[in-house]
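Biologist: I'm new to this one. Please put it on screen and walk me through it.

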Amino acid sequence: YLGTPALSSLGLLRHPYFYALFVIFLVGTGCGLVVFNNIGNMVLALGGQEGDQNLLVTLLSLFNCLGRLLAGLLIDMIAPYASAATVLCGTLCMISISHVYFVFAPTPDWLYVGVMLLGLSYGGLMSVTPTVTAKFFGFPHFGANWSIIRASPAISSLLFSTLLAGSLYDAQADSNDECFGRQCYGFTFLITAALSLLAASACAVLSIRSNALRNRNL
């Protein structure tokens, strides 16, 4: 653990690393849900037709599943050398890269690469965060602790997908509440790319701290 005994839920709420991990997970899931919840409108904004998003949704689901599997394998592979927080940091960097890619995607055909990268990184995020939670705060109260951290996507969906993306889309929409062009979601993705990169930086600090404690205990 992070220099502490296994923490109960009350102890968790008094630990600064809980709030760091909660915000990191909130930002990561929020950036992912922006795409999951708006992929249909993204396609239409770039000149696609209704139904063109079907394959993109399928790819999101498939690579989300693949990311969960690969993240678990990667954690086991690097266990002798680095902590699970290192993998978490990597998934956040991948999310940031995918959002920068979306900023410059000119047509729906260009979304495929970004969607696959986003699905892979989002799946990895969802797979590795429970492991980080257990490693940081212990296994005896893992169920309750993870349930608290797992509540963050409900908040991030509102903040990122509805308030941020929805508001910026509406600001660019015409009198028919429709928007066409990269500007519909471009500024949103610039913001989310920057936020996920900040979250990755904060996670890197946790990773360094975790690796130092792990090496000290070897």
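Modeller: First, a term: helices (H or I, at least four residues) and strands (E, at least two) are DSSP runs, numbered from the N terminus. This is a predicted model, where local features need pLDDT of at least 70, side-chain atom pairs count only at pLDDT 80 or more, and totals for chains, interfaces and linings use all residues. Residues are numbered from 1 along each chain as its sequence is written, and side-chain values use heavy atoms, without hydrogens and water.

Biologist: Okay. How many disulfides does the structure hold?

Modeller: One. A disulfide here is a pair of cysteine sulfur atoms within 2.5 Å.

Biologist: Which cysteines does the disulfide join?

Modeller: Cys-179 and Cys-184, with 2.0 Å from S to S.

Biologist: And why is that disulfide left-handed?

Modeller: The torsion about the S-S bond of Cys-179 and Cys-184 is about -100 degrees, so the disulfide is left-handed.

Biologist: Are Cys-179 and Cys-184 buried or exposed?

Modeller: Both are buried. Buried means under 20% relative accessible area, exposed over 50%, partly exposed in between (1.4 Å probe, protein chains only).

Biologist: How far is Cys-89 from Ala-200?

Modeller: In sequence, 111 residues; in space, 4.9 Å from C-alpha to C-alpha.

Biologist: New topic: the surface. Which residues form the negative patch?

Modeller: Asp-170, Asp-174, Asp-177 and Glu-178. Patch residues have over 30% relative accessible area and no salt bridge; like charges are joined within 9 Å, nonpolar side chains (Val, Leu, Ile, Met, Phe, Trp, Tyr) within 5 Å. A salt bridge is a Lys or Arg side-chain nitrogen within 4 Å of a carboxyl oxygen of Asp or Glu.

Biologist: Where does Glu-178 lie?

Modeller: In the loop between helix H7 (152-172) and helix H8 (183-217). Glu-178 counts as partly exposed because its relative accessibility is 40%.

Biologist: What about the phi of Asp-177?

Modeller: Positive, about 60 degrees, although Asp-177 is not a glycine. Asp-177 is also in the loop between H7 and H8. Asp-177 is exposed, with 60% relative accessible area.

Biologist: Which residues form the nonpolar patch?

Modeller: Ile-155, Leu-158, Leu-159 and Leu-163, with about 330 Å² of accessible area together. Areas come from the Shrake-Rupley method with a 1.4 Å probe; for residues, only the protein chains shown count as cover. Ile-155 sits in helix H7. At 38% relative accessible area, Ile-155 is partly exposed.

Biologist: Staying in H7: is Ser-152 buried or exposed?

Modeller: Ser-152 belongs to helix H7, and it is buried, with a relative accessible area of 0%. Ser-152 and Met-126 are 26 residues apart in sequence and 12 Å apart in space, C-alpha to C-alpha.

Biologist: Last one. Where is Leu-21 found?

Modeller: In helix H2, residues 16-45. Leu-21 is buried, at 0% relative accessible area. From Leu-21 to Leu-56 is 35 residues in sequence and 30 Å in space, C-alpha to C-alpha.

Conventions:
Lys and Arg count as positive and Asp and Glu as negative; His and the chain ends are not counted. The place of a charge is taken as NZ of Lys, CZ of Arg, CG of Asp or CD of Glu.
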